[in-house]
There are 2 protein chains.
Amino acid sequence: MKIYKKAILPLEFQANGIASGIKRSGKLDLALFYSDIPAKAACQFTSNKIQAAPIRINKKYLKENKDYQAIIVNSGNANCFTGNRGLRDAEETTRMLSEAIGIKKDSVLVASTGIIAKPLPLLKLKKSIPKLVMGLSRYGIDKAKIAILTTDTFTKEITVKFNIGSQIITICGIAKGAGMIAPNMATMLCFILTDALITQRALSRALRSSVDNSFNCITVDGCMSTNDTIITLASGASRNNLIDTDNKYFNLFLKALNIACLELAKLIIRDAEGATKFIQIKVEKAKNFAQAKGVALNIANSNLFKTAMYGEDANFGRIIAAIGASGVDVKEKDIRIKVSPLHKKEINVDVSIKQGNACATVYTSDLTPEYIKINAKYN
Amino acid sequence: MKIYKKAILPLEFQANGIASGIKRSGKLDLALFYSDIPAKAACQFTSNKIQAAPIRINKKYLKENKDYQAIIVNSGNANCFTGNRGLRDAEETTRMLSEAIGIKKDSVLVASTGIIAKPLPLLKLKKSIPKLVMGLSRYGIDKAKIAILTTDTFTKEITVKFNIGSQIITICGIAKGAGMIAPNMATMLCFILTDALITQRALSRALRSSVDNSFNCITVDGCMSTNDTIITLASGASRNNLIDTDNKYFNLFLKALNIACLELAKLIIRDAEGATKFIQIKVEKAKNFAQAKGVALNIANSNLFKTAMYGEDANFGRIIAAIGASGVDVKEKDIRIKVSPLHKKEINVDVSIKQGNACATVYTSDLTPEYIKINAKYN
């Protein structure tokens, strides 16, 4: 298994990123990922009850169809809380793109991120789509990965390669998201492209499992977004022995996908808005994974804990209060807490609660005046 | 019904506040409330699973005993996560005070607030208690209300007077708490003294109801404290017609207590750490009170909403995202949001969700760089 800290497209994929004018700054804001071969898709979306229009359109296409070839993504506008018009706009985006490429409308998936409750400037998209398609190339990924960003200060990308027999399989992941990150994947977009030949059920199961241990274990501010989207496309172009849930290749694929998802999730936290610390919270000796994760997230989402980390003040009391507030019926004498030196940028908080043998790790950042500055005036 | 924005002791109560040295600054840090007549007590404590030693001692005394005469309160040290030693220290505090006054140990209730996980400096208390008791007076309330404060920038006090026949009943409330305020009463102390003659069940029911609509409807940072305590003492000194749950006096008493609790709760929010805004969030057309309150609290606890308020940016999207994240199955077209002008210090957010006819109001503050400054270095 080889890991590259850079996006390298799998076989038969192309990509592109351009500036369509949605972002007033003139920065790249429209991305396209394209597979020459119809691919299987597995997706996960926000659990927020208010879901952005592109998510609702994707859900519709995922019911209707089995094969997908493109993902179009805009940044700068979330197309959320935009009513029926938003739905029409998202669908129209996929239609325009499908026509420009010459594929079916419902083989195009769509994602948006940016400001909420403003209509998508469809005319700008219409004008830009021909250029977006014309520019597709193997190296377009380097623009696409920038075009999906909003307040991010760096790109999040990773490639994992492994063999099945003599065939090399590539999993390439890119992501965006720097604020509003909460468990259940708040304002986070992630696109995972692979040339693996894999059954639908194996792809879906692998994604669910990987997300649960990665994107659902990170939090910046506990705020759950309306637009979180993970889309995985598996084209089969590498012609490996078919991966299925009941054969030996599945664990290989799962392991590679886990690595990709966890690395992207950690990169998101490293770029958390205004953060000065990267904090890993490990809760051990819990009854089960859900309990361990619950306690860890309760600590991670405590503003008092987060400000203490910023102040490099090992305020154990706040950790204890957060553990107690999580609802776990734990006695104070059974709690053990260890915090690594606070002057460093990477901090490990280890908590043990004497309830059982399960364990979970959550990643978060500190809460800083810079976070407030970024979020007090976001436009 | 007459309302005074000042603590005025009911009949037969005395109080005092002194500096015992627990606070290194030399500020007042030890308070005593005393009733000449044995009084009934009703209490509410934090729902955090980790509870400070004084709360555990109070719970024991509330089981053993029926009448109470004193409340001793220290600030600067929360006596929490202090193990068996903490329990002994809290009990010893009540013992020392009871001896100094000449009453039973378990007729003394106790509360602590301040830093967690440090042992209570019992020797300082021992040396100070005689002075604390000697100085008891009708006007000592003006020192007591200061001695319970921690990061508060002003005292929280109110007095409500009303008549039952020709008897005047006084309800006097004082409170502290400026950070770590969450529903279920995070780091909040409140003492309510009244000379009303009232049955135990009426007193308990009235307190529960009032707290649910006041202290449980405020949040600063969503962090739940280990020390929250509300203690109400009713001495009966005003010799009014007995108030009971099934007679006409109950609603009068309840109304007065509601006014006192709500005013104190709002004062706590007005003094929220680093806040520049006082925000009232009213959710209407909910299925029931719990749902309305749940939605309102989810908005109130969203860091993105709070920073937007600080930035005077009416970011409706963040309110919508918070409503969706609350788990209420609401369609976006059914949501109505109204936000009052943001340049003012007092902001009203009115939300309507078309689920039913229930309504709840929650109070909160904005999230500011100053909040972080205060909490990054708390000692």
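In chain B of this predicted model, five strands form an open sheet in which the order is 9-14-11-13-12 and the pairing is mixed. The two edges of this sheet are taken by strand 9 (218-219) and strand 12 (336-339) of chain B, and because each of these strands has a single partner strand, one side of each is left without a neighbour in the sheet. Strand 9 of chain B runs parallel to strand 14 (residues 358-365) of chain B, to which 2 bridges join it, and within this pairing Ile218(B) stands opposite Tyr363(B) of strand 14. Helix 7 (residues 289-300) of chain B packs on the sheet, where it touches strand 9, strand 11 (278-286), strand 13 (346-352) and strand 14 of chain B, and the direction of the helix makes about 25° with that of strand 14 of chain B.

In general, the strands of a sheet pair through backbone hydrogen bonds, in either a parallel or an antiparallel manner.

In chain A, an open sheet of 5 strands with mixed pairing has the order 9-14-11-13-12. Strand 9 (218-219) and strand 12 (336-339) of chain A lie at its edges, and since each has a single partner strand, one side of each is left without a neighbour in the sheet. Within the sheet of chain A, strand 11 (residues 278-286) and strand 14 (residues 358-365) are paired in the antiparallel sense over 7 bridges, and the bridge partner of Phe278(A) in strand 14 of chain A is Ser365(A). Helix 7 (residues 289-300) of chain A packs on this sheet and touches strand 9, strand 11, strand 13 (346-352) and strand 14 of chain A, with a helix direction that makes about 25° with that of strand 14 of chain A.

Conventions:
Residues are numbered from 1 along each chain as its sequence is written. Chains are lettered from A and ligands numbered from 1 in the order in which they are written. This is a predicted model: local features need pLDDT of at least 70, side-chain atom pairs count only at pLDDT 80 or more; totals for chains, interfaces and linings use all residues. Two strands pair if DSSP finds at least two bridges between them. Helices (H or I, at least four residues) and strands (E, at least two) are DSSP runs, numbered from the N terminus. Two residues are in contact if their C-beta atoms, placed from the backbone, lie within 7 Å. Axes are lines fitted to C-alpha atoms, for helices over the stretch in contact, and angles run from 0 to 180 degrees between N-to-C directions.
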